[in-house]
Amino acid sequence: MSAATTRTDVGAVDDFAEGSITALEVGGVEVVLIRQDGIFYALPDRCTHARYPLNDGELLPGKIKCAHHGATYDLATGRPGLPAVKKIQLYQAFEVDGRVLVEVQEA
Ligand code: FES
């Protein structure tokens, strides 16, 4: 079976403030969209540690920190910091003509 990819326009760039974490649903997948230093990142809204949401987490430079037990994830690589040991999947988020597009893959 091949993975299905869904690309969705989630809004205008200006809809997402610098330093924001926004919970979205994209193609039936719960996603957090992050804007940091003018760059957009999209991740599953689900910590790999104990499966709590990440949308109430805290942004650190280059990372998101889960509010529940403090796991961190590198926004560029998905690399986890304890207590999470499993890398988080990264989705594609990019700007086209002032819009933000998010691409998610479902198995
Ligand atoms: S659920 Fe995120 S650190 Fe435990």
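The secondary structure of the protein comprises 0 helices and 10 strands, where helices (H or I, at least four residues) and strands (E, at least two) are DSSP runs numbered from the N terminus. Read from that end, the order of elements is β-β-β-β-β-β-β-β-β-β. The model is a predicted one, in which local features need pLDDT of at least 70 and side-chain atom pairs count only at pLDDT 80 or more, while totals for chains, interfaces and linings use all residues. Residues are numbered from 1 along each chain as its sequence is written, and side-chain values use heavy atoms, with hydrogens and water left out.

Overall dimensions come next. For 107 residues, a compact globule would have a radius of gyration near 13 Å, and the 13 Å of the protein agrees with this; the radius is taken over C-alpha atoms, and the globule rule is 2.2 Å times the number of residues to the power 0.38. Along the principal axes, the C-alpha atoms fill a box of roughly 40 × 40 × 20 Å. Of the 107 residues, 40% count as buried (under 20% relative accessible area, with exposed meaning over 50% and partly exposed in between; 1.4 Å probe, protein chains only). Among contacts with a separation of 6 or more, 42% are between residues 24 or more positions apart, a contact being heavy atoms within 4.5 Å.

Strand E3 (residues 29–36) runs antiparallel to E4 and is joined to E4 by 6 bridges; two strands pair if DSSP finds at least two bridges between them. Within this pairing, isoleucine 34 stands opposite tyrosine 41 in E4. The hairpin has 2 residues between its strands, and aspartate 37 takes a positive phi near 50°. Strand E4 (residues 39–44) is largely enclosed by the rest of the structure, because 5 of its 6 residues are buried.

Towards the other end of the chain, leucine 101 lies in strand E10 (residues 99–106). With a relative accessible area of 15%, leucine 101 is buried. Leaving aside residues up to four places away in sequence, leucine 101 touches Arg7, Thr8, Asp9, Gln92, Ala93, Phe94 and Val96. Glutamate 25 and leucine 101 are 76 residues apart in sequence, yet their C-alpha atoms are 12 Å apart in space.
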